[in-house]
Every structure is written in structure tokens, then in C-alpha cells.
Amino acid sequence: MTRRLLILGGTGEAVLLARHLTRRPDLDVISSLAGRVANPALPVGAVRVGGFGGVDGLVAYLKQRIDAVIDTTHPFAARMSFNAAEACRHVQVPLLGFVRPAWQPVPGDRWLSVADMAGAAALCQGRVFLTVGRQELAPFAGCDAWFLIRSIDPPGGALPPRHALLLARGPFETTAEIELLRANAIDLVVSKNSGGPATYAKIAAARALELPVVMVERPARPATDEARSLDEVDAWLDRPHHTP
Ligand code: NAP
């Protein structure tokens with residue numbers, strides 16, 4: 001009998017995971033996207049789009065016979081991860097977190113680690129390359145610094161008074177990132193500690209140019225089983241106590 005697996009996605013890893021797991025004949029895979037991005041990279045297999053309606057909505061969805069959930073949301077999508085943990089606990093559906101490791105500083109990096117966007121905004125001065133996503137810009141609206149803001153879709157809401165907007169989607173190359181930082185005379189890079197290769201080039205570029213990086217560290221995640229590789233995901237799925 002096939003098991004129905006829900007992948008909570010919105011990341012490159014979720015796309016890779018769906019491609020990998022749809023090859024397994026024992027699984028029916030459904031990927032879920034929040035619907036934030038206008039033209040998302042769609043995973044193979046079945047896809048549903050939009051919020052579930054909080055924990056209660058997710059509980060109702062899981063009860064329609066979802067047998068296991070893998071949370072491959074972005075490390076900063078903490079609300080979805082906590083909702084998933086609570087809903088899965090409620091309906092006793094096994095939950096696995098598949099999380100990319102955080103970036104670690106290497107020699108030459110000049111990181112200023114902060115806990116949140118308000119902490120990052122407090123450190124902004126000069127000409128700043130701001131790459132924290134279009135939904136997290138409000139704390140920067142009161143800053144005097146000049147910003148080059150890069151996001152996938154255009155931001156709404158309050159923006160800093162002095163800025164230029166660059167719409168682009170990764171992955172990015174280090175050489176092009178160095179050129180971008182140079183061309184805009186950037187003094188400071190602000191980034192989430194997203195981890196993964198797709199957006200690391202700006203960190204490497206800042207290191208090459210000896211620029212400081214204000215690194216917003218990750219929010220807490222719920223305590224769940226965790227996998228770091230596709231093999232570990234397969235092993236978790238094959239564990240007998242995860243069969244319904
Ligand atoms: P969030 O704050 O943790 O979640 C807010 C709400 O969005 C959730 O309560 C849920 O709505 C809905 N949601 C989030 N992920 C969902 C999914 N995979 N499927 C269905 N509904 C989902 O999330 P966020 O930071 O806004 O991120 C939204 C999406 O963008 C996530 O899928 C994430 O993987 C992706 N993403 C986020 C970032 C980032 O920096 N935050 C970066 C890249 C990609 P309901 O309560 O109605 O269920």
C-alpha cells in the first residue's frame with residue numbers, strides 16, 4: 001500500500017526532495033507551497049498552493065490521510081515549522097525536518113551576527129546591499145543608509161527612503177556578485193543565515209572585497225526528527241515505526 005507524504009516546501013531542497021521521492025513506488029508525494037512567489041519553481045508530482053489556515057487547518061488536511069510529513073521549508077519560515085510540529089503531534093503523523101545547515105564563517109569573513117531584522121537595521125550605514133526577502137523590509141524603513149534591495153518579486157509596504165530595487169532570483173555567481181557590490185559601491189551586506197549554495201555567492205563576494213556582513217541568525221525550530229541528506233530521508237521513511 002502506498003503512503004501519502006506531504007512535503008512542506010518553498011525551497012530548492014524541497015524541489016530536489018520531491019524529484020527524489022516521486023521515484024519511490026511506495027509513496028504518493030504531495031508538495032505544498034505557500035504561494036508567496038508569483039512564478040515559483042514547481043516540484044515534480046502533485047502540488048498544492050496556499051496556506052492551510054493555521055494549525056487547525058493543517059490538522060484537517062492531515063486527517064484526509066496524510067501518513068507522513070517532511071518539513072523542507074526555509075529555515076526562516078518558523079511559523080510553518082511550528083504549526084507543522086503542533087499539527088503532526090495532534091494527529092500523530094510522523095514529521096521529519098529536512099534542513100540545510102547554516103553557513104559558518106571562514107577565515108577572511110567579517111560577520112556581525114544579529115538575532116533579528118531590528119538588530120540588523122540598527123547596524124546599517126553607508127551603502128547597504130539588503131537581501132533578506134521582500135517581506136522583512138519594514139524594520140529598515142527608518143534607516144538613513146542607502147540600500148540596494150534585491151528580492152524575487154517587488155516588495156510592498158514601507159521601504160527605506162533612499163534605495164534602488166533589483167529583482168532577481170538565485171542561484172547567483174560569485175564573480176557577478178563581486179561586480180554588483182563594486183558597481184554599487186557597497187559598504188555592507190545584510191543577509192539571513194539561509195545556508196545552502198544558491199545564495200552563498202554574496203557572502204563569498206563580501207569576503208573577497210573585505211566587506212562586513214550583518215548576518216541575521218536563524219530563528220528557533222521545533223524539536224523534530226531531522227535529516228541532512230536524501231539518504232537520511234530514505235532511511236527515516238523506511239523505519240518501521242513510521243509506517244501507518
Ligand atoms: P512562515 O512565516 O513560516 O509561514 C506563514 C504562513 O504561510 C504559514 O502559517 C502558512 O499559512 C503559510 N505557509 C508557509 N509555508 C507554507 C507551505 N510550504 N505550504 C503551505 N502554506 C505555507 O513562512 P514565510 O517565511 O512567510 O515563508 C513562506 C514560504 O516561502 C515557505 O514555504 C518558505 O519555505 C518559503 N521561503 C521563505 C523564505 C524566508 O526567508 N522566510 C525564503 C525562501 C523561501 P497557514 O497558517 O494558513 O497554513
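**Exercise 1. The largest cavity**

Task: Sort the lining of the largest cavity by class.

Solution. Step 1: take the class counts. The lining has three nonpolar, three polar and two charged residues. Here Ala, Val, Leu, Ile, Met, Phe, Trp, Tyr, Cys and Pro count as nonpolar, Asp, Glu, Lys and Arg as charged, and the others, Gly among them, as polar.

Step 1: name the residues. The largest cavity is lined by Thr11, Glu13, Thr72, Thr73, Pro75, Phe98, Val99 and Arg100.

Step 2: The structure holds one cavity of 30 Å³ or more.

Step 3: On a 1 Å grid over the protein atoms alone, a cavity is a set of points where a 1.4 Å probe fits but cannot get out; a pocket is an open set with protein on both sides within 12 Å along at least five of seven lines; lining residues have an atom within 4 Å of a point. Points are joined across faces, edges and corners, and a volume is the space filled by probe spheres set on them.

Step 4: know the model. It is predicted: local features need pLDDT of at least 70, side-chain atom pairs count only at pLDDT 80 or more, and totals for chains, interfaces and linings use all residues. Residues are numbered from 1 along each chain as its sequence is written, and side-chain values use heavy atoms, with hydrogens and water left out.

**Exercise 2. The second largest pocket**

Task: Find which helix gives the largest share of the lining of the second largest pocket.

Solution. Step 1: start with the space. The second largest pocket holds about 170 Å³. Of its 10 lining residues, Cys88, Arg89, Val93, Leu95 and Thr224 are the closest to the centre.

Step 1: turn to the helix. Helix 3 (residues 78–91) supplies three residues, the largest share of this lining. Helices (H or I, at least four residues) and strands (E, at least two) are DSSP runs, numbered from the N terminus.

Step 2: check the classes. Six lining residues of the second largest pocket are nonpolar, two are polar and two are charged.

**Exercise 3. Salt bridges across the chain**

Task: Trace which parts of the chain are tied together by Asp26 and Arg3, and by Arg221 and Asp71.

Solution. Step 1: define the bond. A salt bridge is a side-chain nitrogen of Lys or Arg within 4 Å of a carboxyl oxygen of Asp or Glu. The structure holds 13 of these salt bridges.

Step 1: take the pair Asp26 and Arg3. Their side chains form a salt bridge, 3.6 Å from N to O. Asp26 is in the loop between helix 1 (12–21) and strand 2 (27–33), and Arg3 is in strand 1 (residues 3–8), so the pair ties together parts 23 residues apart in sequence.

Step 2: widen the view. Arg3, Arg24, Asp26, Asp234 and Asp238 are linked in a network of salt bridges.

Step 3: take Arg221 and Asp71. The closest N and O atoms of this salt bridge are 3.7 Å apart. Arg221 sits in the loop between strand 11 (212–216) and strand 12 (225–227), Asp71 in strand 4 (residues 68–71), so this pair ties together parts 150 residues apart in sequence.

Step 4: compare accessibility with the cut-offs. Buried means under 20% relative accessible area, exposed over 50%, partly exposed in between (1.4 Å probe, protein chains only). Arg221, at 24%, is partly exposed. Asp71, at 2%, is buried.

**Exercise 4. A buried charge**

Task: Identify the nearest side chain of opposite charge to Arg48.

Solution. Arg48 is in strand 3 (residues 46–49).

Step 1: look for a partner. Arg48 is buried but has no salt bridge, and Asp71, the nearest side chain of opposite charge, is 12 Å away. Lys and Arg count as positive and Asp and Glu as negative; His and the chain ends are not counted.

Step 2: list the contacts (heavy atoms within 4.5 Å). Neighbours within four places in sequence aside, Arg48 is in contact with Ile30, Ser31, Ser32, Leu33 and Tyr61.

**Exercise 5. Backbone details**

Solution. Pro171 lies in the loop between strand 9 (163–167) and helix 5.

Step 1: Ala185 has a positive phi, near 50 degrees, and is not glycine.

Step 2: With a relative accessible area of 59%, Glu210 is exposed.
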